[in-house]
Amino acid sequence: MTSRGPEKRVRKAPAERRHEIVATAARVGLTEGLECVTLRRVADELGVRPGLVGHYFPAADALVAEAFTSATMAELDGLLPEPPVEGDGPTPAGVLRRFFTLISGTEFDDVSRLWLNARHLSRYRPVLREHVVAQERLWCRRFERVITDGTAAGEFSCPDPRAAAARVLVAIDGASTYINTSAEHRAEPIAAMPRTVAEAELGLPPGALGPV
C-alpha cells in the first residue's frame with residue numbers, strides 16, 4: 001500500500017489570481033463594508049498568505065477601489081445591460097420598467113449600501129474617489145443612452161437626455177440614503193420617488209414605468 005503525500009498546490013495564472021482576489025474583496029465589501037477589505041482579510045478568505053495578495057495590490061486602497069468597481073459594474077450590467085447588437089431586446093420603456101421593478105426589491109440592498117459606504121470613504125481615499133466618479137459617469141452614460149433611444153423611438157419626450165439621466169440618478173441616490181433605515185420608512189412615497197421623477201422627466205403619465 002503506497003502512501004500519498006500532500007497535494008501540490010496548483011499555481012494560478014496571474015490574471016485568474018487577480019480576478020479571484022478582486023471578486024473576494026468585492027464580496028467582503030458588499031456584505032460587511034469596504035472598511036473590512038484588507039489584504040489579510042482577503043488572504044484569509046482565499047486561504048493564501050497576505051504577501052500573495054500584496055503582490056497584486058501593494059496598497060490596500062487600490063484593492064478597495066477595484067472591489068467597489070467590480071461590485072458596482074455587476075450591478076450596472078444586471079440592472080441596465082448593454083442593448084444587444086441585433087437590436088432584438090426590450091424597448092427602452094421596457095428596459096426602464098424592468099429597472100425600476102428590480103431596484104424596488106431587496107436584491108440590490110447590499111450594493112446600495114456599498115455606494116453609500118464608498119461615497120463616505122471617498123472623502124478620505126483619493127483612489128476610491130476616482131473609481132466612484134468613474135462609475136457615476138458610466139451609470140449616467142448608460143442611462144442617457146436608454147433615454148436617447150426611447151426619445152428617438154417616440155416612446156419618451158425628453159429634450160435633454162443627459163440632464164434627465166443625471167436628475168433620475170440623483171433621485172435614486174437620494175432614496176438609497178434610507179437603505180439602512182427600517183423597511184416602513186423606505187416604503188411609499190420614498191421607494192416610488194425615482195420612478196415618478198423618471199416618468200416626469202420623460203413626459204410619461206404616472207405609473208407608466210411601474211411593474212406590469
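## Helices around the largest pocket, and the H6–H7 contact

In this predicted model, the lining of the largest pocket draws at least two residues from each of helix H4 (60-79), helix H5 (92-103), H6, H7, helix H8 (161-176) and helix H9 (193-201). Two of these contributors, helix H6 (residues 109-121) and helix H7 (residues 126-152), also have axes that come within 9 Å of each other. The points below take the pocket and then the helix pair.

**The largest pocket**

- The space in the largest pocket amounts to about 890 Å³, and of the 37 residues that line this pocket, those closest to its centre are Ile 103, Ile 172, Ala 175, Ser 176 and Pro 194.
- Among the contributing elements, H8 gives the most to the lining of the largest pocket, supplying 7 residues.
- By residue class, the lining of the largest pocket comprises 21 nonpolar, 8 polar and 8 charged residues.

**The contact of H6 with H7**

- Two packed helices are described by the angle between their axes together with the distance between those axes.
- The crossing of H6 and H7 is left-handed.
- On the H6 side the contact involves Trp 115, Ala 118, Arg 119 and Leu 121, which meet Leu 128, Val 132, Gln 135, Glu 136 and Trp 139 in H7.
- Taken by class, the residues of this contact of H6 with H7 divide into 6 nonpolar, 1 polar and 2 charged.

Note on methods: Residues numbered from 1 in each chain as written. Predicted model: local features only at pLDDT ≥ 70, side-chain atom pairs only at ≥ 80, totals over all residues. Heavy atoms only, no water. Axes fitted to C-alpha atoms, helices over the stretch in contact; angles between N-to-C directions. Helix = DSSP H or I, 4+ residues; strand = E, 2+ residues; numbered from the N terminus. Left-handed = near helix turned anticlockwise from the far one by under 90°. Contact = heavy atoms within 4.5 Å. Nonpolar A, V, L, I, M, F, W, Y, C, P; charged D, E, K, R; others polar. 1 Å grid on protein atoms, 1.4 Å probe; cavity = no way out; pocket = protein on both sides within 12 Å on 5 of 7 lines; lining within 4 Å. Points joined across faces, edges and corners; volume = space filled by probe spheres on them.
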